[in-house]
Amino acid sequence: MLSERTPVRFYQVGSFAVGNRLVELERRSAQSDPRRANSLSSGHRACAGCGEALGARYALDAAMRATRGQLICVNSTGCLEVFSTPYPETSWRVAWLHSLFANAASVATGVAAGLRATGRDVVRVVAQGGDGGTADIGFGALSGMFERNDDVLFICYDNQGYMNTGVQRSSTTPGAARTATTQAVGPQPGNAFGQGKDVARLAMAHEIPYVATATVADLFDLESKVERAMSLHGARYLHVLVPCPLGWGTLSKDTIALARLAHETGIFPVFEAEYGEVTSSVPLRHRTAVEEYLRPQKRFAHLFDKSGAVTSPDVVARIQALADRNIRRYSLVPDEDQ
Amino acid sequence: MQRQIEGSLAIAEAVALCRPQVVCAYPISPQTHIIEALGAMVKEGALDNCEFVNVDSEMAAMSVAIGASAVGARSYTATASQGLLYMIEAVYNAAGLGLPVVMTLANRAIGAPINIWNDHTDAMAVRDAGWIQLFAETNQEAVDLHVLAFALAEELSVPVMVCVDGFILTHSIERVDLPDQDVVDRLVPPFAPRQVLDPNDPVSIGAMVGPEAFTEVRYLAQLRMRRALEVIPELAERNADAWHRPPTGLIHPYRSIDATLIVVAMGSVLGTIKDVVDDLRATGVNIGALGISCFRPFPVNEVREQLRSATRVVVVEKAFSIGNGGVLSTDIAMALRDRRVTVHTVVAGLGGRPIWAASLRALFVNAAEGTLPATVFCDLNEELVERELERMTHDRSSRSLARRDRAE
Ligand SMILES: Cc1ncc(C[n+]2csc(CCOP(=O)(O)OP(=O)(O)O)c2C)c(N)n1
Ligand code: SF4
Ligand SMILES: [Mg+2]
């Protein structure tokens, strides 16, 4: 029986959805908890099944726990900012500042510097934004923050496109994906291959104290990475894959399943790195072919026919090859011949 | 204390006296000496509790200042020209968020063609951003205005830009009286922010505002800005009492009380203009001058009052709006729109071209005689322009352009 003060813990029988299955009861992620910060509280205007809302809620609550509530959050422009703060409402129960699209990392540097100068550096700083605000327009600011090793955790919620402006391509949009600016038309429909940025690896190249990736399929992993990040000082970076039902053309109920498939296919490697060296990775439990991940997403619909059979085997093979490279690079299948 | 000192260093000293807590630095001429000097002061421990951040761009400079100011730290940066344009989105943002950042703008032309020398085009590019814009006439005034700027910004929760003519002021060495620390401590009390990011009392700053309230937000910003027209003279009087120098008010009238011809300008060119006024007064011309030291908010009433005897006004401007004309001239004409006053624009000093007293004198004489055109480019090299127009008439692709130019 649940008393009012008992946290409700995730545990979904027969699925890996929340990733709690393998940890003991008291360490499991809480779905609801009377002591929870609810940094991003309910009532915001995200689409149903928004991976970004889920990721931000867990990441920030973990950061609030880790800092005993002594946290300031800086947000770049994008879905997360727009759906959470339509004047005169706000969903944030954390001290929160939105300035611009490109400058969240710099503003966070300023917050950290201001706190230090005024003798309040027990208060910690998280900056967050979408992939556009991180990998594209905000990249210079982010790189500068990394290079100076400012005391900021930057969290990118990567939904692989400019969703707030209506699903345009960003430099984290995968090859072949349809967006409003990489339409599924012409001889090579969807986004071009061979372009784009791997921000986690770029962050590692700055040799900052901590870089990690996570998905919203494994909230326990996400929370513990945030906690680890907050236990350290200096520039830290967390890249979270957050499916977007609207932009990806997926069902709201499939957000977590797709995040899990992104990991289990090797398309999105989940790992940690310190000072530029990979220190751990989350192995695939059920290695899955990439087409299982691609098929439910309308942004890849041009690779399949109505029955779900692959019609562009070369494109699917290319995506598979990228996943296989990740599996090798991050040792995601430990027994596989390296 | 009287010091023989470079303008930039005097400004850096003045800023340091105001005890900034976060200084963001990015190099661009002619501002760079200011942040270099502040960097050295922080590094050698002469400035307590101050973070000096070497940022990666001007966009980052203003953004770091925004973040620092939002947690209640007194924040300062300096820029010029291209740097100001590079940060322009954050310039508007700081004002919109009501953060009292202080910035020195070492006025410089904007490219292309790239040009590092002085004019006022950069300041004009952010005229409507919601910053208070003060123009210094001398290095002494630059020092005094910086001290005033911190108190003013924090009193109103509005950012303040102190505009100083690049090179002409920033790089000239002259005697400046730097106030004592205890005086400045009295004039600039510790920063008590209006709204602050505090985990123990969390607020959301920077929400999205739609059509239902945006006009009201801007209307209130206008009221707050206009309040500066009362606060600036108060602070200026108080500061002047403390350091026994004339106040840096909203405007500087010079021999204008009964003048029928009044020359209006901003910044260091006023020195030359005053010399010419003296010279012409000696020959019997009824001329005076009016320096605008507070450009935004625009002191309409004070300007009207000081120009009451004028039948003709010549606005000497180091900037103009391409396709229209003078920028300050437009404000002056608006201020006088119910009066029968002829307003001329003299565009001068673009891209660092020297403004000679003799050239101004000739133009003012023309004005007094009623022969000055509505808009004049001071010391325009007519021959060069003619040659280029001639060349263009032979170049098929730009022929129509040349013809139109001549027709006008
Ligand atoms: C300087 C600037 N350019 C463009 C925009 C328009 N804009 C607002 S949000 C956005 C997309 C945000 O994409 P991302 O950072 O990936 O966040 P998402 O909405 O996908 O979560 C864009 C292009 C802007 N606000 N500012
Ligand atoms: S468009 Fe995507 S990222 Fe934006 S609120 Fe909807 S689901 Fe979330
Ligand atoms: Mg995005």
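In this predicted model, B:Arg227 forms a salt bridge with B:Glu230, and the closest N and O atoms of the two are 2.9 Å apart. Both residues belong to helix 9 (residues 214-243) of chain B, where a spacing of three residues separates them by about one helical turn. B:Arg227 counts as partly exposed at 35% relative accessibility, and B:Glu230 likewise counts as partly exposed, at 47%.

**Other salt bridges**

- Over all chains, the count comes to 33 salt bridges.
- The side chains of B:Glu383 and B:Arg387 also meet in a salt bridge, at 3.8 Å from N to O; these residues lie four residues apart in helix 14 (residues 382-394) of chain B, which is about one turn of the helix, and both are exposed.
- B:Glu13 and B:Arg3 are joined by a salt bridge of 3.6 Å, N to O. Because B:Glu13 lies in helix 1 (residues 7-17) of chain B and B:Arg3 in strand 1 (residues 2-6) of chain B, the pair ties together parts that are ten residues apart in sequence.
- B:Glu13 is partly exposed, with a relative accessible area of 26%, and B:Arg3 is partly exposed as well, with 28%.
- In chain A, a network of salt bridges links A:Arg65, A:Glu223 and A:Glu227.

- The magnesium ion (ligand 3) has A:Asp131 (OD), A:Asn159 (OD1) and A:Gly161 (O) as its protein donors, which lie 2.0 to 2.1 Å from it.
- A:Asp131 lies in helix 4 (residues 131-136) of chain A and A:Asn159 in the loop between strand 6 (153-158) and helix 6 (199-205) of chain A, so this pair ties together parts that are 28 residues apart in sequence.
- A:Asn159 is buried, with a relative accessible area of 5%, and A:Asp131 is buried too.
- A:Asn159 is also one of the residues around ligand 2, among which are A:Cys47, A:Cys50, A:Cys79 and A:Cys244.
- The shell around ligand 2 divides into eight nonpolar residues, one polar and no charged.

**The contact between the chains**

- Chain A gives 39 residues to the contact and chain B gives 37 residues.
- The two chains bury about 2700 Å² between them, with 62% of it on carbon and sulfur atoms; A:Tyr87, A:Leu100 and A:Ala117 supply 20% of the area that chain A buries against chain B, more than any other three residues.
- Two salt bridges are counted between chain A and chain B, and B:Glu51 and A:Arg116 meet in a salt bridge through their side chains, at 2.9 Å from N to O.

Key
Residues are numbered from 1 along each chain as its sequence is written. Chains are lettered from A and ligands numbered from 1 in the order in which they are written. This is a predicted model: local features need pLDDT of at least 70, side-chain atom pairs count only at pLDDT 80 or more; totals for chains, interfaces and linings use all residues. Side-chain values use heavy atoms; hydrogens and water are left out. A residue is near a molecule or strand if one of its heavy atoms lies within 4 Å of it. Ala, Val, Leu, Ile, Met, Phe, Trp, Tyr, Cys and Pro count as nonpolar, Asp, Glu, Lys and Arg as charged, and the others, Gly among them, as polar. Donors are N, O and S atoms within 2.8 Å of the metal (3.2 Å for Na, K and Ca); water is not among the atoms, so sites may look incomplete. Helices (H or I, at least four residues) and strands (E, at least two) are DSSP runs, numbered from the N terminus. Buried means under 20% relative accessible area, exposed over 50%, partly exposed in between (1.4 Å probe, protein chains only). Contact means heavy atoms within 4.5 Å. Buried area is the accessible area (1.4 Å probe) that two parts lose on being put together, summed over both. A salt bridge is a side-chain nitrogen of Lys or Arg within 4 Å of a carboxyl oxygen of Asp or Glu.
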